[in-house]
Amino acid sequence: MATPNFTLMPLACFTDFLRLAGDEGDFSRRIYCDWELLSHNLDPIRSSCGLELTPGRTYGDPGDYDFIVVHGGILHADHRIPPELYAFVTDAVRQGVPVAGNCSGSFVLAEAGLLAGKRSRFISRWRDCCARPFPTSRPSPTGLSWLTEIS
C-alpha cells in the first residue's frame with residue numbers, strides 16, 4: 001500500500017526486487033511470490049513526482065496476506081493518510097501478519113502507535129525526526145535501513 005505523495009523509487013525498487021526474486025530466467029513471472037497495490041478505494045494514488053498508480057484491490061482481511069508493506073512519502077508534504085490505512089495495518093499486527101514500512105512508511109507505522117516500545121531502524125537522517133514525535137519508539141543505534149519491520 002502507498003500513502004499519498006509516496007516516493008516512487010523505493011516502491012518501484014522494492015516491487016522489482018520481488019519480481020526478480022520470484023521468477024526464474026527473468027521472464028517477469030510471479031512464480032515464488034506475488035504482490036498487489038492496496039488502498040481504501042480504487043482511486044489513483046499520486047506519487048511525490050506526480051505519477052499516479054491505481055490500486056488493484058481495496059483493503060480486505062489482512063490475514064489474506066503473508067506480509068504487508070506501507071510505502072511512505074514526502075515527510076513535509078501536505079497529505080492526509082486515510083484512516084482506513086491505519087486501521088488495516090493495526091488489524092494486521094493484531095492478527096500476527098508481518099508489517100513493514102518502506103522509506104518513510106515507517107512514520108505511518110509510528111503514527112499508528114505500532115512502533116511504541118519496539119526496536120526499529122530508520123535511515124540515519126530520519127532517526128532524530130522520529131524521536132521527537134514518537135518518543136516511545138526505540139530506533140536502533142546501528143545500521144541503516146529503508147525498511148522497518150514489525151513482526
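Student: Let's start with Cys103. Is Cys103 buried or exposed?
Tutor: Cys103 is buried, because its relative accessible area is 7% and the cut-off for buried is under 20%. Keep in mind that this is a predicted model.

Student: Where does Cys103 sit?
Tutor: Cys103 is in the loop that joins strand 6 to helix 3.

Student: What is phi of Cys103 near?
Tutor: Phi of Cys103 is near 60 degrees. That is a positive value in a residue other than glycine.

Student: Why point that out?
Tutor: Most residues other than glycine have a negative phi.

Student: Is Ser104 buried or exposed?
Tutor: Buried. The relative accessible area of Ser104 is 4%, so Ser104 falls under the 20% cut-off.

Student: What does the side chain of Ser104 reach?
Tutor: The backbone oxygen of Gly73, at 2.4 Å.

Student: And Gly105, which element is that in?
Tutor: Gly105 lies in helix 3. Gly105 is buried, with a relative accessible area of 0%.

Student: What does Gly105 touch?
Tutor: Leave out residues up to four places away in sequence. Then Gly105 touches Val70, His71 and Gly72.

Student: How far apart are the C-alpha atoms of Gly105 and Thr3?
Tutor: They are separated by 7.8 Å. Along the chain, the two residues are 102 residues apart.

Student: Now Thr7. Where is Thr7?
Tutor: Thr7 is in the segment before helix 1. Thr7 has a relative accessible area of 16%, and counts as buried.

Student: Why does 16% still count?
Tutor: Because buried means under 20%, and Thr7 has 16%.

Student: Which residues does Thr7 touch?
Tutor: Setting aside residues up to four places away in sequence, Thr7 touches Ser48, Gly72, Gly73, Ile74 and Cys103. You already know two of those names. Gly73 is the residue whose backbone oxygen the side chain of Ser104 reaches. Cys103 is the loop residue with the positive phi.

Student: Change of topic. Give me the big picture. How many helices and strands are there?
Tutor: The chain has 4 helices and 9 strands. From the N terminus, the order is α-β-β-β-β-β-α-β-α-β-α-β-β.

Student: How much of the chain is buried?
Tutor: Buried residues make up 39% of the 151 residues.

Student: What about the accessible surface?
Tutor: It comes to about 8,400 Å². Carbon and sulfur atoms account for 54% of that surface.

Student: And contacts between residues 24 or more positions apart? What share do they have?
Tutor: They account for 55% of the contacts with a separation of 6 or more.

Student: What is Val89 in contact with?
Tutor: Leaving aside neighbours within four places in sequence, Val89 is in contact with Met1, Val70, Val99, Leu109 and Leu114. Val89 and Leu109 are 7.8 Å apart, C-alpha to C-alpha, and 20 residues apart in sequence.

Student: Where is Leu114?
Tutor: Leu114 is in the loop between helix 3 and strand 7, residues 119-120. Leu114 is buried, with a relative accessible area of 9%. The C-alpha atoms of Leu114 and Val99 are separated by 9.6 Å.

Student: Which elements give two or more residues to the lining?
Tutor: Helix 1, residues 8-21, and strand 5, residues 68-71. Helix 1 gives the most, with 5 residues.

Student: How does the lining divide by type?
Tutor: Into 14 nonpolar, 2 polar and 4 charged residues.

Terms used
Residues are numbered from 1 along each chain as its sequence is written. This is a predicted model: local features need pLDDT of at least 70, side-chain atom pairs count only at pLDDT 80 or more; totals for chains, interfaces and linings use all residues. Side-chain values use heavy atoms; hydrogens and water are left out. Buried means under 20% relative accessible area, exposed over 50%, partly exposed in between (1.4 Å probe, protein chains only). Contact means heavy atoms within 4.5 Å. Accessible areas come from the Shrake-Rupley method with a 1.4 Å probe; for residues, only the protein chains shown count as cover. A polar contact is a pair of N or O atoms within 3.5 Å; within protein, one must be able to donate a hydrogen and the other to accept it, and residues adjacent in sequence count only if both atoms are side-chain atoms. Ala, Val, Leu, Ile, Met, Phe, Trp, Tyr, Cys and Pro count as nonpolar, Asp, Glu, Lys and Arg as charged, and the others, Gly among them, as polar.
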